[in-house]
Amino acid sequence: MRRVCITGGGGFIGSTLADRLSERGTEVVVVDDFRTGRHEFVAGLSERSGATVIEADVLAPGVLERAVAGCDWVFHMQANADVRHGLDHPGRDLEQNTIATARVLEAMRSAGVSRIVFPSTGSVYGEPEVFPTPENAPFPVQTSLYAASKLAAEGLVSAYASGYGFTGIICRFVSILGERYTHGHVFDFFRALRRDPSRLRVLGDGRQEKSYLYVQDCVSAMLTAASHHEGEPGAHVYNLGTDETVIVDESVAIITGHLGLAPEIEHTGGRRGWVGDSPLIHLDCSKLRALGWAPTLTIRESIVRTLDWLEEEAAVR
C-alpha cells in the first residue's frame, strides 16, 4: 500500500491502523471530525512525513473527494457504533453508517480509487442458529438499527464491486479491545467501579456469551485480507474474532479481580442487556485463519491490556 485514506482515523481502531501503516512507510490521509475520535490519538501521526489529518465530517461536501485523491486503498472506519442507544436516534445509523458509506464509494469512483476495506459487524447475523457462525450463514431478522445499517452498507460495497469492478474487503468484527478503547462493556464497568467500587450493575442476567478481539490483531487481520485480495476485484467477506468466548459474568470477574475489587453484583435480568443485544456471539474465523492470520492475545489478556490502558488514561486525566 502506497497511499491510504482512513475515515474515522482519529478513533480507537482507525488511529491504531493509521499508526501501523505510517510506521511501515505508507502515506496516510486521516479524515475525522473528532466527535468521538481524539486528537491525542493522531498526535504522533501528525508529526510524521507522509501523514495528513483532515478534521472534517465525511458527509461535508468535497471532503472525501480531496481525501481519497491519489490513494490506492480506502479503509472506511468511520461509523456510529452506539448499538445500545440506536433506537433513541434512529436516523443516526442511517446517516453515519449507510449514507456515509455511499458517499465514500462514490468519491472513490470519481477519483478512480477501487479498493476498500469496510469494517462491518458480527451483529449482522442477528441471533443465528449456527455457532460458530460462518460468513455464509443465513441472515435472520435484524435486531438492531446499527446492524441493519451496516448490512445495508455491505450491500453497497458488494454492488460497487459487481458494478464497477471494486475490490471490497468486508470485515465482520466482534467487539474490539485494547489500547485507546473508548466505549464498550469494559469501559462502562471500569468507569462505574471508579465511581462506586462497592457495587456494579450488569445489564441482563450476566449469562450473555460474547467474543472479543485485541485491536492489534484486528488491524493485522484487515491487512492480511487486503493483501490477499490486492488485485482481485469482487466482494470478499471475512469474520474477525477469536475461537473463544466469554460469559459476561466471567468478564466481570476478570475486571474486578484485576482491579482488586469485590463489588456486589446487581443483574437487571433477562437474556439481553438491551433491545438488539445478542445473547451469544461466536464467529467462525477459519476462513481468515486459512490466510495465515491468527490472534496473538486471548480474551482475558485483551481485557487486562484494556484495563491497564484505562488505568493509565485515568491517572493522566
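**Cavities and a pocket in a predicted model**

**View 1. The second largest cavity.** The second largest cavity has a volume of about 30 Å³, where a cavity is a set of points, on a 1 Å grid over the protein atoms alone, at which a 1.4 Å probe fits but cannot get out, and a volume is the space filled by probe spheres set on the points, which are joined across faces, edges and corners. This is a predicted model, in which local features need pLDDT of at least 70 and side-chain atom pairs count only at pLDDT 80 or more, while totals for chains, interfaces and linings use all residues. Residues are numbered from 1 along each chain as its sequence is written, and side-chain values use heavy atoms, with hydrogens and water left out.

**View 2. The largest cavity.** The structure holds two cavities of 30 Å³ or more, and about 40 Å³ of space lies in the largest cavity. Its lining is formed by Val83, Arg84, Gly86, Leu87, Thr143, Ser144, Leu145 and Val275.

**View 3. The second largest pocket.** The second largest pocket, with a volume of about 150 Å³, is an open set of points with protein on both sides within 12 Å along at least five of seven lines. Twelve residues line the second largest pocket, and the closest to its centre are Phe187, Phe190, Leu310, Glu313 and Ala314. At least two lining residues of this pocket come from each of α6 (185-195) and α10 (299-316), helices being DSSP runs of H or I with at least four residues, numbered from the N terminus.

Definitions and conventions: 1 Å grid on protein atoms, 1.4 Å probe; cavity = no way out; pocket = protein on both sides within 12 Å on 5 of 7 lines; lining within 4 Å.
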